[in-house]
Amino acid sequence: MNTKQRTIKSELTISGVGLHTGKSVTLTIKPAPENHWFKFRRVDLEGQPVVSVDADNVTDTSRGTTISENGASVSTIEHLMAALIGLQIDNVLIDLDGPEVPILDGSSTIFLQKLKEIGFVDQDADRDFYEIKENIHYVDGDRKVEIVGMPLDGYRLTCMIDFNSPVLGSQHASISQIDEFEKEISSSRTFCFLHELEALVNNNLIKGGDLSNAIVIVDKEVSTEELDKLQDLFNKKVTVADEGILDNIQLRYQNEPARHKLLDMIGDLALVGRPLKGHIMAARPGHAANVSFAKRIKNQIKRDKAKKKINTYDIHAAPVYDTVQIMNILPHRQPFLMIDKILELSETHVVGLKNVTVNEDLFMGHFPGTPIFPGVLRIEGMAQTGGILVLNTVPDPENWLTLFLKIESARFKNQVVPGDTIIYSCELMEPIRRGIARMKGVGMVGEKIVCEAELMAQIIKVK
């Protein structure tokens, strides 16, 4: 049974301050139609530009995830995104009157609770999962980061962090299915080290921080003067608790930092633009690595779509033209006839076939020790296939020649060797005018592209 997409029943408004900007902001989460995914709309800017939640729109990952599009930016989106993914919401529009999503308590739990209060509406379209079919890796050796996505009929996430800190140590967190997000992950708050806190303050950041929305890990000796300085900055008296954190807040879980890293990862992977099925395992992830991994998944989605567009042909079916019939149309003969069959032919496209054998005369002189079918002859085979398409426009093709005027954007992506069968497809890029045709040609061996080019040809009468 297919799972339906869903949105929220009605609008939801939440106000707060941005963690880094310190600016008060109000966001209104609104229902959205099917296949909309998540989009922000900066209602405070002229024209109310829309910013899509998409990995290609990420412009900063230094202290959170920032996306930019149409001249507008939205920062610190990950906690809200995690709440939406955790509740398996597919489509919302988020109106925002400032540059940053409010930090609230530093977790996803307030977003999640308020979304649950509003409730959800199932939509007609099926949920557009992307299922990871083969392992997808991301590695950053310098930072000792590794993320891998593996096939799984569900959404499971595992996270390990290790900051080489005697206080924090190595921590793990995981959920076996996304339904566990609310109970196990959503309330885990953001964290930082004390030395990071000092640097952020000195760089005029965390203007919206008030020591109630972050865990501060103390990884060094702290003097009374430093604690007094923090008290002046945040107007709150703090000491160092036994757990090695400031006593501004109490830990909700012993491994709350690892759980929050898992929360961030769920939110950042919303940048893929679709709900996922797979098992994601991450060692020492951060926003930059999460975004890079999301882009890896997006690239794999593009490759999968390209494969789906590849037509399959029954090479044993009766052809439109066999070799003898092709020679009645084209003037080429062995050893320069580069197509053996025409499999399809219409007014706008043609598909031809070439069987490459080791008996080709050309292999006596072209890399005889390592026979590789030359790229230039692949283009020739594509050109002859396209010639059939152009000559199909005249009633007496045997009296015409096809002359190629231009070859552009030629690329050779994989080797062709004896035993391969090349399928050439040529499609008109525009209608044929005055006997001149522009075609896009692609040569495939199985699912691999071996050559592609844009061709321009003209037919002339010779008899």
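Reply: Let's start inside. The largest nonpolar core has 72 residues, and F40, L80 and M81 are the members that touch the most others. A nonpolar core here is a set of buried Ala, Val, Leu, Ile, Met, Phe, Trp, Tyr and Cys residues joined through side-chain atoms within 4.5 Å. Buried means under 20% relative accessible area, exposed means over 50%, and partly exposed is in between (1.4 Å probe, protein chains only).

Before going further, a word on what you're looking at: this is a predicted model, where local features need pLDDT of at least 70 and side-chain atom pairs count only at pLDDT 80 or more, while totals for chains, interfaces and linings use all residues. Residues are numbered from 1 along each chain as its sequence is written, and side-chain values use heavy atoms, with hydrogens and water left out.

Back to F40. Neighbours within four places in sequence aside, F40 contacts P49, V50, V51, V53, I67, V74, I77, L80, M81, I94, L96 and V101, a contact being heavy atoms within 4.5 Å. Another core, of 34 residues, lies apart from that one, and I326, I342, C426 and A437 are among its members.

Besides L80 and M81, the buried set includes E78, H79 and G86. Helices (H or I, at least four residues) and strands (E, at least two) are DSSP runs, numbered from the N terminus. Just past helix 1, Q88 has a positive phi of about 55°.

With 59% relative accessibility, N35 counts as exposed. F367 also has a positive phi, near 50°, and belongs to the loop between strand 20 (349-355) and helix 9 (375-391). At 47% relative accessibility, F367 is partly exposed. As for peptide bonds, the one joining Q334 and P335 is cis, with omega about 10°. P335 is in the loop between helix 8 (323-329) and strand 19 (341-345).

Now for a strand residue. Q123, in strand 10 (residues 120-126), is buried at 12% relative accessible area. Leaving out residues up to four places away in sequence, Q123 touches K4, Q5, R6, T7, A32, P33, E34 and N91.

Finally, step back to the whole chain, with its 9 helices and 24 strands. The radius of gyration is 30 Å, well over the 23 Å that the globule rule gives for 463 residues, so the chain is more spread out than a compact globule. That radius is taken over C-alpha atoms, and the rule is 2.2 Å times the number of residues to the power 0.38. Along the principal axes, the C-alpha atoms fill a box of roughly 100 × 50 × 45 Å. Of the 463 residues, 49% count as buried. Looking at contacts between residues at least 6 apart in sequence, 70% join residues at least 24 apart.
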